[in-house]
Structures are given as C-alpha cells and as structure tokens.
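Here are my notes on side-chain contacts. Please read them with the model open.

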Amino acid sequence: MTPPARLSAAIEVLADIAGRRRPAADALKDWGLAHRFAGSGDRAAIASLVYDALRRRASAAWIMDDDSPRALVIGMLRLQHGLAAPTIAGLFSGERFAPEPLSDHERARLTDATLAQAPDHVAGDVPEWVLPALAATFGGALLEELRALGRRAPLDIRINTLKHDRESAMAGLTHLAPATTPHAPNGLRVPIGEDGRGPALHVEPEFLDGWYEIQDEGSQLASLLSGARPGETVVDLCAGGGGKTLSLAAMMNNDGRLVASDDDPRRLAPIHERLRRAGAKAEIRTPRGGRARTDVLGDLDGTADRVLVDAPCTGSGTWRRNPDAKWRMRPGALAARVNEQAAVLDRAAGLVRSGGRITYVTCSLLPEENDAAVAGFLARTGGTFAVVPAKDVVAVQKPDLAPFLRFTGHGLQMSPALTGTDGLYVATLERRPAG
C-alpha cells in the first residue's frame, strides 16, 4: 500500500472507532480481516497512524476546526509528524486510493492555526473532566507532562537474572541493538522504527529461552521498590499475567515463598507458561466459584513479609501506549476502580505479618487512585498501618532514582517527562507491632 492509501485506511478505521464507540484494537483487527491484501507492514503502519491521531485528537481537532476522522489525520500529520502543509497536500491528492484533496479551509488551517490560545486540556490532549486531577499531580509541569504522555512509548525489556545478568545478555542481543535503560538495573531499551514498530521480541529465540520479559522500565522499578528479598514470604495479590511476579522471583532468586493470585482467573492464564520459560518458582492460587469465589489465600493470613498490590486502576499512566483509552474513560469508571482498590488493600492488610509491608502500585496519574486511596486505607485500619516514607524506600533500594521522581503525601509518582517511564505510583505501608 502507498502512504496515501494507508492514510485513507486510517481515516476509515477512525470513523469506525467513532461510529461504533469501540476500542481501536478491535477496529484495526476488523479492518485487517476485511482487507486481507494488506501485509503486516501495512497493518502496522495504519495502526501507528490511528494511534497517533488518537494521541492528538483534541489538538488536531483544534487546529483543523473540525473533529472528523479526516481532520484528525490531517492535524496529526502536522502536529505529531511535523509535516508541512505542502507535504500533507501531496499525500491528499485524490488519486487512486489517496484521500480527497485538501479544501481551501483545510489548507488555511494548516498554514495559520496554532495551539497558542488552546485551553490546557486541548493542548495536552486529555479529557477536560480529568484535567484538575492531573494538574494536582503535575502542578507547573502539567503541559510538559501531558505532551510527554502524548508521545510514543519506548520498548523496554527486563533481563531475567535467574538466567543471565544484563551485561552478558546484552552481548547476546546485539542483533536488537539494545541500550541500557536509564534507571532500571536489569532493563534494556530496544529501538523502534519511525512508524512506532519494534522487532517481534516475543518470537526471538532468546525470549523463548527465557532471557527476558517485555516490561516497561517503570514497572521494573515498581517491583524493585517492593524490596522483596530471598527467603521471604511474598504475595503478589493482583498478579494478572505475571509480569511483576517474574520480577519478584528474580529478586528473590527463587529462594523463599512467592504466591501469585488474582481475583479474575482469566488474567492469570498466561502466568504458567511465563514462569516455565523464565525458570521462576511461584505458587499460583486461582480463585474458583464464579461471583462467590472462595478465598484461596486464607492460610497465609498474618504470615506474609511483603504483599505487592498492583491494583486495578484507570491506566491513565499508560495513555502513551493506549491513547484511545483516555477518550473512552468516564468518571464512573474511576469510581469503580477506587472501590476495587479499597477492596484489594483491605485484603492485603490481612495477609501481612507484624512488621510486614504492603507495596501499593497503580499505573495511574490520578490522586484519587493514589494518595487518596492510601489515606482511605489508613483511616479504615485505624493506626494498624503506617506509611514508610517513599524517600526512605528509594534511599535503600535505588538512591540515584530520587531526582527523577515526584514525592507525594504518601508515596511517589513516576511520569513520562520526569522519569521517562509510564506513570506509575508506589506507596509502602508497614503493619505496626501489636500493643
């Protein structure tokens, strides 16, 4: 497919997303099934165009004075790809499969319109209703952080130290041209192309042999800040597919007791194969019984040295990877996540022994899911738990990381502009001795 034909396809997919109010991934999949002539490179390029248009949905609509799929693509080419008006006009020629030629109004907007007078939620490409929460997190760095949240995310892997250290693994992965991650001690960053596409890491022989896992540097750091050590009893309460479980197993060097569970058994499905591939040891506790699921962790109450709570959340910290998610999020979804976070924190409290710790993690930038969730937990537990100052945790686990974090009332916030990672929040809570 020619570049103009790919633009036409992207406009078609965006129209499907808007018309049927569906996730971008579903619309892209259906488009690919209906256009089997498109090769994998075409489909990847079209997906990149669609996601870039969604990243710049508000600002592209502002400069084009139009929020149609066509206008979003035109505005995105100007704002995200930095193309000049004549170059964009050349792609919109109307020939063969190219989009129709630019109108006089479109040409004028491309030439004259700017974001100078745009409100912050437009310039930062986020829903207006969520802007106050993001402003509370970022303060004067709001626009800088929102712009970083609108860029493409890097492609990071975590070297599995159960099999290799980072230096030896890097020597064996030269064909991927990796560089060390800025902060995570076992991370490597793999270059991606201009279309946002990286190598198919999941089919590389080294991946199949368990050398590495695909994991954002921020997620690697959140696991590190849990402080899990060999010989401990550690529970990964919201394990999902097992990314952080694998990190914990490596930190513990398979020495101790690592238990992974999740309220949704479906999310646990991939963990078994991932553990096998990595050579990692963990007990998997899978809930049974539909809605009235039995508690599969009751025998561990009061015994855990550490509980990692990678809580269900809005995912606002991952919007650079899932740009359509920010436009589909509603206030009701935030309220539902807050209730779920309270439930998993309360369950974690029962698992921790005296002097044990809970590491509470979200991939969110919203205070309601972060400091407010911790404050609610402290109020509910009536002095049973105390916050371990995040600066103290960082000083022990990764002191050189401190300048790249925002320390909040109860925890710390990573962010795309300051840390160069997804927007993860981490807080540490310790059960006080009885009496």
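1. Is Asp262 buried or exposed? Asp262 is buried, because its relative accessible area is 4%. (Buried means under 20% relative accessible area, exposed over 50%, partly exposed in between, with a 1.4 Å probe and protein chains only.) Its salt-bridge partner is Arg267, at 2.7 Å, N to O. Arg267 is partly exposed, at 43%.

2. A word on the basis. This is a predicted model, where local features need pLDDT of at least 70, side-chain atom pairs count only at pLDDT 80 or more, and totals for chains, interfaces and linings use all residues. Residues are numbered from 1 along each chain as its sequence is written, and side-chain values use heavy atoms, leaving out hydrogens and water.

3. The count of salt bridges is 35. (A salt bridge is a side-chain nitrogen of Lys or Arg within 4 Å of a carboxyl oxygen of Asp or Glu.) One of them joins Arg56 and Asp125, 3.1 Å from N to O. Both residues, Arg56 and Asp125, are buried.

4. Glu217 forms a salt bridge with Arg189; their closest N and O atoms are 3.2 Å apart. Glu217 is buried, at 0% relative accessibility. Arg189 is partly exposed, at 22%.

5. There are zero disulfides. (A disulfide is a pair of cysteine sulfur atoms within 2.5 Å.) For Cys238, the nearest cysteine sulfur is that of Cys313, 10 Å away. For Cys313, the nearest is that of Cys363, 3.2 Å away. Cys238 is buried, at 13%, and Cys313 is buried, at 16%.
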